[in-house]
Number of protein chains: 2
Amino acid sequence: MRIAVLAGGVGGARFLLGVRDVARRDGHEVDAIVNVGDDAWLAGLRITPDLDSIMYALAGVNDAERGWGRAGETERVAGELAAWGVGWPWFTLGDLDLGAHIARTSWLRDGVPLGQAARRLAARWDLGVTLRPASDDAFETWVVTDEGELHFQEWWTRHRAALTARAFVQRGTAAPGEGVLEAIAEADVILLAPSNPVVSIGAILAVRGIREAIGGATAPVVGLSPVVGGAVLRGMADACLTAIGVATAADAVAAHYGARRDGGLLDAWLVDEADAALVPGIEAGGIRARALPLILRDDASRSAIATAAIAAALG
Amino acid sequence: MRIAVLAGGVGGARFLLGVRDVARRDGHEVDAIVNVGDDAWLAGLRITPDLDSIMYALAGVNDAERGWGRAGETERVAGELAAWGVGWPWFTLGDLDLGAHIARTSWLRDGVPLGQAARRLAARWDLGVTLRPASDDAFETWVVTDEGELHFQEWWTRHRAALTARAFVQRGTAAPGEGVLEAIAEADVILLAPSNPVVSIGAILAVRGIREAIGGATAPVVGLSPVVGGAVLRGMADACLTAIGVATAADAVAAHYGARRDGGLLDAWLVDEADAALVPGIEAGGIRARALPLILRDDASRSAIATAAIAAALG
């Protein structure tokens, strides 16, 4: 069986760990279609935070405690760059991480598409998941605020989402990355990871053709709520939801994605057991729903959640 | 007074330390016109070994023991690049050094000329010398061998000059770097550092207009022999001299540069005291010559040699 997962960074990575466990056990193939909206040019290097978070987590070299970057990281190069005023002082470039940025950028400068570069980097490990950037094109997310438009990283990492976002816009026009539409068309199951619905999943869906491909896919589409008990699990996704007029609630996010029968995306939606009371309302909207423990806290919970997501698709 | 010094990497750096001492003491300005033939694109980054060797030495952050690179260097990033097969495994990219390469490359990619990038890097310290790449253009030295043409770094660093060189060629056409011709025209003294006469000084002189500018300059031109007692002081310059048919001897190098009265470069030539017997022959060729201790071993010897070079120009 082939499973396609739309995913952002850290949340996507945690969910993919569970999907990989199930896939290895049951002999499935997994394609991760990964957000590139967080990407940036920084110090002349191409930074792809979501692809890297997923790669590092699947490779087991991520810093689980800090929640991002490589384990055992140092910042020798960053100290030099700061002395020359190169880069963003508020955006850490670790030494090990820079290895990936330099390698990727050297390939991109040679004309290698981003997807191939991502897979070259990933080939160092046995990830068990094929990484597919949503697009090989630059498609950066910018945030409209009352103080002007900021690159997503500046809004998120520098300002910690404290400037009120009025809208999120993608800069550039993006064609789907190599193999993305095929992965969707050939999937037996399509999963939306519990990633940020706006700047992660939303930025993937904004790539030309991807939303339509999911709508036209034969596979059932199952989403996992990133909102539990009215709060986001990670990061500052509530600020993103508020900006697009969506309440920070598991049923509101489901309604935002929409029921497939009505031209939306979802066949089914998983919410946390804390939101069990929302299930009837979601189902009344034409989306099958199920409540279960949805916190990705360890290997066992990640596998159980992935198993439930696949089961929800098939049943 | 204004002093222009043509210089390669390590030997040039040591000589410039002495020239700077004299310049600070006596209130002179120093322009270092630096070889770019050793430069390379590596891992998508622009590497400028001679500019860096000089910058690090003048800044006092060089690794004097190892003879190249930064003191206290580590190789965290290089380990990652090696895992991905990016770069040259035989060419070390230290972490601190990479800071300079990344900063420089980011500026170059933004359209900043190499000379401005070099001076931006140098502005972090009080070098006391203005760094001027011989050219802002790519002008890399390639080595013709029986096994084909190799980039200079591959021949020098990887093969330790063990493949017989048939010729050295510059790739590209290079205009003089910003301020180079002015530094030569306005100099009161022009010095040729005891650098490699072929791939360092020779590659500088190969930049369009530089040899002619020196020939037409009002300042006297004094060179320092990199050959002492029939052996080169550093590196494998003898292999370079052999390739162009010049004996590894202080008088042969002087003759190679040529007497200014005959259309060559030199008004005067300094040789080591070990080569005192060569002085009459050099002078018979129309080049004033003087023998003195020429080993750049410490601050005192460096200052003494720089003082002697300036004195030779003025007297």
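Biologist: Which helix of chain B holds both B:Phe152 and B:Trp155?

Modeller: Bear in mind that this is a predicted model, where local features need pLDDT of at least 70, side-chain atom pairs count only at pLDDT 80 or more, and totals for chains, interfaces and linings use all residues; side-chain values use heavy atoms, with hydrogens and water left out. Residues are numbered from 1 along each chain as its sequence is written, while chains are lettered from A and ligands numbered from 1 in the order in which they are written. Helices (H or I, at least four residues) and strands (E, at least two) are DSSP runs, numbered from the N terminus. B:Phe152 and B:Trp155 are 3 residues apart, about one turn of the helix, and that helix is H6 (residues 152-158) of chain B.

Biologist: Is B:Trp155 buried or exposed?

Modeller: Buried means under 20% relative accessible area, exposed over 50%, and partly exposed in between (1.4 Å probe, protein chains only). B:Phe152, at 2%, is buried. B:Trp155 has a relative accessibility of 0%, so it counts as buried.

Biologist: Why is the pair of A:Trp155 and A:Trp156 called tilted?

Modeller: Rings of Phe, Tyr and Trp (its six-membered ring) pair if their centres lie within 6.5 Å; planes under 30 degrees apart are stacked, over 60 edge-to-face, and the rest tilted. That rule gives 18 aromatic pairs over all chains. A:Trp155 and A:Trp156 have ring centres 6.1 Å apart, and the pair is tilted because the planes meet at 45°.

Biologist: And how far is it, centre to centre, between B:Phe152 and B:Trp155?

Modeller: These two form an aromatic pair as well, also a tilted one with 45° between the planes. The centre-to-centre distance is 6.2 Å.

Biologist: Over which ring does the charged end of A:Arg66 sit?

Modeller: A charge sits over a ring if NZ of Lys or CZ of Arg is within 6 Å of the ring centre and within 35 degrees of the ring normal. In chain B, B:Arg120 lies over the face of B:Trp107, 5.0 Å from the ring centre. For A:Arg66 the distance to the centre is 3.7 Å, and the ring is that of A:Trp68.

Biologist: What are the edge strands of the open sheet in chain A?

Modeller: The sheet has 7 strands in parallel pairing, ordered E5-E2-E1-E9-E10-E13-E14. An edge strand pairs on one side only. That leaves E5 (130-133) and E14 (288-292) of chain A.

Biologist: Which three residues supply 30% of the area that chain A buries against chain B?

Modeller: Buried area is the accessible area (1.4 Å probe) that two parts lose on being put together, summed over both. Chains A and B bury about 2400 Å² between them, 67% of it on carbon and sulfur atoms. On the chain A side, more than any other three residues is supplied by A:Arg76, A:Trp84 and A:Ile102.

Technical notes: Pairing = 2+ DSSP bridges.
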